[in-house]
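Q: Could you show me how to read the pairing of strands in a protein model, step by step?

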Amino acid sequence: MGAAFLDLNESMIVLKRTKTNMLEPAADYEKNGFFGDVVFACGAIQEGDTLHMYYGVADTSMAGCDMKISEILHQLEVENK
């Protein structure tokens, strides 16, 4: 899973995106299941600089993690057109 920074007025325009994954399957329950080696965003709650991310794993379970928004923004790179 990565992140993208979209144009406020035209959300189809990607201004920046992460070049590497910020979250990828690592734990056994994320790698093995009905549809293994998959994580997918299901929702998030922002508290200050913290993003509490909830995500599905292997199409069988839900998990959660915390990410710093400032770190996510730092990883964004200008999109090549």
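Q: Which residue is the bridge partner of Ala 4 in β2?

A: In general, strands of a sheet pair through backbone hydrogen bonds, either parallel or antiparallel. Here, the partner of Ala 4 in β2 is Arg 17, and three bridges join β1 to β2 (residues 14-18), the two running antiparallel. The model is a predicted one, where local features need pLDDT of at least 70, side-chain atom pairs count only at pLDDT 80 or more, and totals for chains, interfaces and linings use all residues. Residues are numbered from 1 along each chain as its sequence is written, while side-chain values use heavy atoms, with hydrogens and water left out.

Q: What counts as a strand, and when do two of them pair?

A: Strands are DSSP runs of E with at least two residues, numbered from the N terminus, and two of them pair if DSSP finds at least two bridges between them.

Q: In what order do the strands of the sheet with β1 stand?

A: The order is β1-β2-β6, in an open sheet of three strands with antiparallel pairing, and the edge strands β1 (4-6) and β6 (76-78) each pair on one side only.

Q: Why is one side of β3 and of β5 left without a neighbour in the sheet?

A: In the open sheet β3-β4-β5, whose pairing is antiparallel, β3 (39-47) and β5 stand at the edges with a single partner strand each, so one side of each has no neighbour in the sheet. Eight bridges join β3 to β4, where Ala 44 stands opposite Met 53.

Q: How many residues lie between the strands in the hairpin of β4 and β5?

A: There are three, and Ala 58 takes a positive phi near 50° in this hairpin.

Note on methods:
Helices (H or I, at least four residues) and strands (E, at least two) are DSSP runs, numbered from the N terminus.
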